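Hello,

The structure we discussed is placed below. My notes on its helix packing and aromatic rings follow it.

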Amino acid sequence: MVTRDSRILDALDQHGAVQVADLARDLGVSEVTIRKDLDALAERDLLRRTRGGALPPVRGDEGAFADRMRREAEAKRLVAEHAASLVDDGDVIALDTSSTAHFLALELVHRTGLVVVTQSLRTAVVLMERSDARVIIPGGTLRRESSGLVGPITDALVGRGRIDKAFVGVVGLSPERGLLELATDEAISKQGLVDASDEVHALFDSSKTTGFALHSFASAGQVTSLITDERASDDFVEQWEAAGVSVARVPLGTQTTGTEPVPARAGRASRRLIQKEHR
């Protein structure tokens, strides 16, 4: 059941700020009730109260997993839907602990014969309960912020074959520094997945194009493609394409401006396939 609290948080994620009067009208309750709801959510650190409304909470890290699943949820779902078209039955894939990769797992539950390497406990459970995928968890230390296992995993992957496609989230990224994470242990884990994979696809909503992060886990030369939403700027796309990385911008449903996903570069894809055939 969709609760009033979840609808308030969804509105906050969608609009970046909410007003008491607007919420009362949209949810069909009094402004007194909405004020009480906002106060209760503020006490749980799920939002910040302002005069007449609320703003998202200020976070020092990437936020708890459940919060990240709500944030930009529709954009992440559409990005994941596009990414799912890259996965074939029987593929060996890697999904990191990001919320967007979890959305991708939900898109893949009806695929057959997948082998999935993931350190996300939530993703592992979803695939175990709802798909026939063989799930491999390399191990590590539990990190509550991402509901996943983190730490060095190179020893668990080296010499055991190649992963066809890795799908990873980011906190920030740049052509100079590549794909970036805020936490060191998350970056180390993702680097292990990247090094073991023939293709690397970064999945993220467009807010990450201006995100700040410290630790690189993949250089631009290791990245096959970026998949984001249509709000990513033309300058962002041009910079990454100049570095040889294809960028897909996924339309946001009825809000679309007509921008179609940018196709992968044939030359780069061919090089990847040639490399895979010779491994």
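Axes here are lines fitted to C-alpha atoms, for helices over the stretch in contact, and angles run from 0 to 180 degrees between N-to-C directions. Helices (H or I, at least four residues) and strands (E, at least two) are DSSP runs, numbered from the N terminus. This is a predicted model, in which local features need pLDDT of at least 70 and side-chain atom pairs count only at pLDDT 80 or more, while totals for chains, interfaces and linings use all residues. Residues are numbered from 1 along each chain as its sequence is written, and side-chain values use heavy atoms, with hydrogens and water left out.

Helix packing

Helix α5 (residues 73-84) and helix α6 (residues 99-107) have axes that come within 8 Å and cross at roughly 55 degrees. The two helices α5 and α6 are therefore oblique to each other (angles under 35 degrees count as roughly parallel, over 145 as roughly antiparallel, 65 to 115 as roughly perpendicular and the rest as oblique). On the α5 side, the contact (heavy atoms within 4.5 Å) is made by Ala 73, Lys 76, Arg 77, Val 79, Ala 80, Glu 81, Ala 83 and Ala 84. On the α6 side, Ser 99, Thr 100, Phe 103, Leu 104 and Glu 107 take part. By class, the contact of α5 with α6 has seven nonpolar, two polar and four charged residues (Ala, Val, Leu, Ile, Met, Phe, Trp, Tyr, Cys and Pro count as nonpolar, Asp, Glu, Lys and Arg as charged, and the others, Gly among them, as polar).

Thr 100 of α6 is buried, with a relative accessible area of 4% (buried means under 20%, exposed over 50%, partly exposed in between, with a 1.4 Å probe and protein chains only). Leaving aside neighbours within four places in sequence, Thr 100 is in contact with Lys 76, Val 79, Ala 80, Leu 203 and Phe 204.

The axes of α6 and helix α7 (residues 121-130) come within 10 Å and cross at roughly 5 degrees, so α6 and α7 are roughly parallel to each other. His 102, Ala 105 and Leu 106 of α6 meet Arg 122, Thr 123, Val 126, Leu 127 and Arg 130 of α7 in this contact. Its classes are four nonpolar, two polar and two charged residues.

Aromatic rings

There are two aromatic pairs in the structure (rings of Phe, Tyr and Trp, the last by its six-membered ring, pair if their centres lie within 6.5 Å; planes under 30 degrees apart count as stacked, over 60 as edge-to-face and the rest as tilted). Phe 204 and Phe 236 form an edge-to-face pair, at 6.3 Å centre to centre and 80 degrees between the planes. Phe 204 lies in the loop between β12 (197-203) and β13 (215-218) and Phe 236 in helix α10 (residues 234-242), so this pair ties together parts that are 32 residues apart in sequence. The rings of Phe 236 and Trp 240 have centres 6.4 Å apart and planes at 50 degrees, so that pair is tilted. Both Phe 236 and Trp 240 lie in α10, four residues apart, about one turn of the helix. Phe 204 and Phe 236 are buried, and Trp 240 is buried too. Ring pairs link Phe 204, Phe 236 and Trp 240 into a cluster.

Helix α1

Leu 9 lies in helix α1 (residues 4-15) and is buried, with a relative accessible area of 7%. Leaving aside neighbours within four places in sequence, Leu 9 is in contact with Leu 41, Leu 46, Leu 47 and Arg 70. The C-alpha atoms of Leu 9 and Leu 38, which are 29 residues apart along the chain, are separated by 9.6 Å.

Regards
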